[in-house]
Amino acid sequence: MVVTEAAPAVTARAKVKGGGLGRFILWRALLIIPTVFILVTMVFLLMRTLGNPISASVGDRLPPAELAKRVAEAGYDRPLIVQYLEYLGQIFTGNFGVTFSDRRPVTEVLVTFGAATLELAVYTLIVALVVGIPLGILAAYYRDRGPDAVLRVFAIFTYATPVFFSGLIMKLIFGVWLGWFPVSGRASIATELQLQTLANPSGIYLIDAIRTGSLANVGDVLSHAVLPALTLGMMTAGIFLRLVRTNMIGTIGREYIDSGRSRGVGEYRLATKHAFRPALIPIITVIGLQIAMLLGGAVLTETTFEWKGLGFQLAHYLSARDFVAVQGIVALLAVIVALSNFIVDVVAALIDPRVRY
């Protein structure tokens, strides 16, 4: 009888738990809509404060009559609210317009160069996690001792150094002086020519290089990615280092850690298994926040290393005053940030049920 009565209670608790997770995911998914809406609206209004895109990009090179004709043909002489509603309608249908500087569909620009930025972001996160998390655990283990002090200074230095400055130093030391790595581009000319011969290339050079079946191509692509990934990844690694250290110190002092130590559990296992997992939740949350910083840093990093991604193109279109292209790229980056934060929230809720409520 006891077992029969207890089983429904366990089932009910499981349903409540599952319902909590389902409601949490649904609520976070619904929040994406107003978030993206607000960001896209802000981008539109900020671009319009500089005037209409045609006047901003080619206004100083056209006679007034020709300029007024082009503005009228594009519809930029209509009321702002009408332009805004039309802009929203275009976005919902996946139409971001056509660039003024090179007459390319903005969607084509996003697809062509978005893969490069995605590839760099993945390399950057790998560097940040591989460097930041182990060093953060090490700093917490040697709290207030020599290694901890050195690592804390290292974290401050990597985070505080401007990305463009650290990129130039990387190029000078490892590219010019030592000659270990290439200083620009995503691959050598020979490798890019081979990648272009592939049917339906992905745009992610590492995947396409693997598809060629040539280890030389794979090595060439990876060697070009080292300096950009280190430049952007070390900045994020400094943040992870300090965050892991702070949270590890908080969990190492818990009673269950002392209890495990009294039972003879080794210090390495206590640090890497028992203390690290509770400290992982804030790290996962911060990863979502770092996505926006990575995308912002990608503009400077890609420009420094001539890594032709969205950041590189954004700088190009800004200099050309092509605000239609800028508007489309920034809108896409806003969507990526919103989706990344949603994924991070869901992962955090799966690891720690307390996040759901």
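Mentor: A charge sits over a ring if NZ of Lys or CZ of Arg is within 6 Å of the ring centre and within 35 degrees of the ring normal. Keep in mind that this model is predicted.

Trainee: Over the ring of which residue does the charged end of Arg186 sit?

Mentor: Look at the distance to the ring centre. The cut-off is within 6 Å. The charged end of Arg186 is 3.7 Å from the centre, and the ring belongs to Tyr205.

Trainee: How far is Lys171 from the ring centre of Phe305?

Mentor: Lys171 lies over the face of Phe305. Its distance from the ring centre is 5.9 Å.

Trainee: How many aromatic pairs does the structure hold?

Mentor: Rings pair if their centres lie within 6.5 Å. The structure holds aromatic pairs to the number of 3.

Trainee: Is the pair of Phe44 and Tyr87 stacked or tilted?

Mentor: Planes under 30 degrees apart count as stacked. The centres of Phe44 and Tyr87 are 5.2 Å apart. Their planes meet at 25°, so the pair is stacked.

Trainee: How many residues apart are Phe44 and Tyr87?

Mentor: Phe44 is in helix 1 (residues 2-48). Tyr87 is in helix 4 (residues 80-92). The pair links distant parts of the chain, and the separation is 43 residues.

Trainee: Are Phe44 and Tyr87 buried or exposed?

Mentor: Buried means under 20% relative accessible area. Phe44 and Tyr87 are both buried.

Trainee: Which residues do ring pairs link into a cluster?

Mentor: Phe44 and Tyr87 belong to the cluster. Tyr84 joins them. The members are Phe44, Tyr84 and Tyr87.

How values were computed. Residues numbered from 1 in each chain as written. Predicted model: local features only at pLDDT ≥ 70, side-chain atom pairs only at ≥ 80, totals over all residues. Heavy atoms only, no water. Phe/Tyr/Trp six-rings, centres within 6.5 Å; stacked < 30°, edge-to-face > 60°. Helix = DSSP H or I, 4+ residues; strand = E, 2+ residues; numbered from the N terminus. Buried < 20%, exposed > 50% of the residue type's maximum accessible area, 1.4 Å probe, protein only.
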